[in-house]
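Colleague: I would like to go through how the parts of this protein meet. Can we take it point by point?

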Amino acid sequence: MAVAGTGVFAEILDGEVYRYYADGEWRASASGKSVAIVNPTTRQTQYRVQACTQEEVNKVMESAKVAQKAWARTPLWKRAELLHKAAAILKEHKTPIAECLVKEIAKPAKDAVSEVVRSGDLVSYTAEEGVRILGEGKLLVSDSFPGNERNKYCLSSKVPLGVVLAIPPFNYPVNLAVSKIGPALIAGNSLVLKPPTQGAVAALHMVHCFHLAGFPKGLINCVTGKGSEIGDFLTMHPGVNCISFTGGDTGIAISKKAGMVPLQMELGGKDACIVLEDADLDLVAANIVKGGFSYRFYSERALAYLMINSGQRCTAVKVVLIMESVADTVVEKVKAKLAKLKVGTPEDDSDITPVVTESSANFIEGLVMDAKEKGATFCQEYRREGNLIWPLLLDHVRPDMRIAWEEPFGPVLPVIRINSVEEGIHHCNASNFGLQGCVFTKDINKAIMISDAMETGTVQINSAPARGPDHFPFQGLKDSGIGSQGITNSINMMTKVKSTVINLPSPSYTMG
């Protein structure tokens, strides 16, 4: 069986520490320091990565800038060909990359493999889509605007921005990295990747797949290290022409410091699930468990088992707003399903695995204790061992409880009972987040009206929130982000429009 850091991946490991990637080479940092990655299950150091210096970041930016100029002149079909090659290599080496995901972020084994395969599919789709949309331009004529004759022809096309800084989150460190890398590269940009600490080794293995595909030196770079030392330095670097970030409220700080560069930010959510009296209650219960906790379910559309990450997902159901008349029934159905979930280690393919860090587990516990003090009904006994928290449904939650508004990012879900649809919409819209929401009803007219009223980037009707399929637009309002993702939107966002205007000596229709 393939093992991380061995075989074709041997060159990315320097003794006990994984190298960083710059100018087409795997390097050890001059700092002589490393950053420990703690396994959430064992709570012991699993891996170490280089602690890069600001000087090394400067060199990376310089080589990325030089490589980008040549890459922008590379034929579009050639860029696509290399992306297809990288996608195939990524899928071929899914096992060692999945192993890193299991050990770094406690992602269940099957789902770790699925993430890598999905990432390869995303890269291939991006290559195809890029060839289509970047191969098209526009011709405008001047006489459509009042007072003008047809003496000007405007040719507009899309050109790359330059150097893209990509910062993915811990929960999908491979998939949400390639969702930035693919569009950046097909559009003619170069790339600097700053992976999350938890997930960095999986990301380094993924970057090596791009290296093996034969991309030009300096085009793709991956720097690791402490956010306190290189985080602000990267996001405020004058060499950066675009930032694509997925993560928590750090993104708000980045957006304030970043300066005048295009930003693509997805920063989390408090995704509300509104349940009406006429809803299919079995469907509701299944989707609350699927969307709010950690539940493997078979998707006919994906022809695969899909997995929610112990509630550690921006698009997880974070609050259930349910009509009082059906609340008791749904709560009982959800309790029955939660009792069947397997809680344990990712190696055992459990449904609920440890949350990513001890501080995450402590934060979740703080929300739970606040709800307890204020009188929420505990549908299960609260259980925690280390970073492992058993799934917990909290009923009769009120708006004065922190859990009603704050994002737990773990397997704890509040239920707020409502007496009208308006009450549900009001709670959803009072949140400072606006990523996704969902509504369950058999009345399509009501569903559309509620969807229009909800201040979120996406509303799912009769399904839990989800990012994807990866070509669907994905965006948030308010503190949930800036800009829109999804393959086409990301390609467009990582380019700018260039116009060339041809000025004729006389209007073109005077000829003949």
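This is a predicted model: local features need pLDDT of at least 70, side-chain atom pairs count only at pLDDT 80 or more; totals for chains, interfaces and linings use all residues.

Colleague: Which residues make up domain 2?

Modeller: The chain is divided into two assigned domains. Domain 1 takes 7–267 together with 481–497. Domain 2 is 272–461.

Colleague: How many residues does domain 2 bring to the contact?

Modeller: The domain centres, taken over C-alpha atoms, are 31 Å apart. Domain 1 gives 19 residues to the contact, and the number from domain 2 is 24.

Colleague: What area do domain 1 and domain 2 bury between them?

Modeller: The size of an interface is often given as the accessible area lost when the parts come together. Here 57% of that area lies on carbon and sulfur atoms. On the side of domain 1, Arg43, Pro108 and Phe170 supply 25% of the area buried against domain 2, more than any other three residues. The total for domain 1 and domain 2 is about 1800 Å².

Colleague: Which residue forms a salt bridge with Asp349?

Modeller: The rule finds one salt bridge across the interface of the two domains. For the Asp349 pair, the closest N and O atoms are 4.0 Å apart. The partner of Asp349 is Lys110.

Colleague: Which helix supplies the largest share of the side of domain 1 that touches domain 2?

Modeller: Helix H3 (94–105) and helix H4 (109–134) each supply at least two residues of that side. By class, the side has nine nonpolar, four polar and six charged residues. The largest share, four residues, comes from H4.

Technical notes
Residues are numbered from 1 along each chain as its sequence is written. Side-chain values use heavy atoms; hydrogens and water are left out. Domain bounds come from an automatic or database domain assignment. Contact means heavy atoms within 4.5 Å. Buried area is the accessible area (1.4 Å probe) that two parts lose on being put together, summed over both. A salt bridge is a side-chain nitrogen of Lys or Arg within 4 Å of a carboxyl oxygen of Asp or Glu. Ala, Val, Leu, Ile, Met, Phe, Trp, Tyr, Cys and Pro count as nonpolar, Asp, Glu, Lys and Arg as charged, and the others, Gly among them, as polar.
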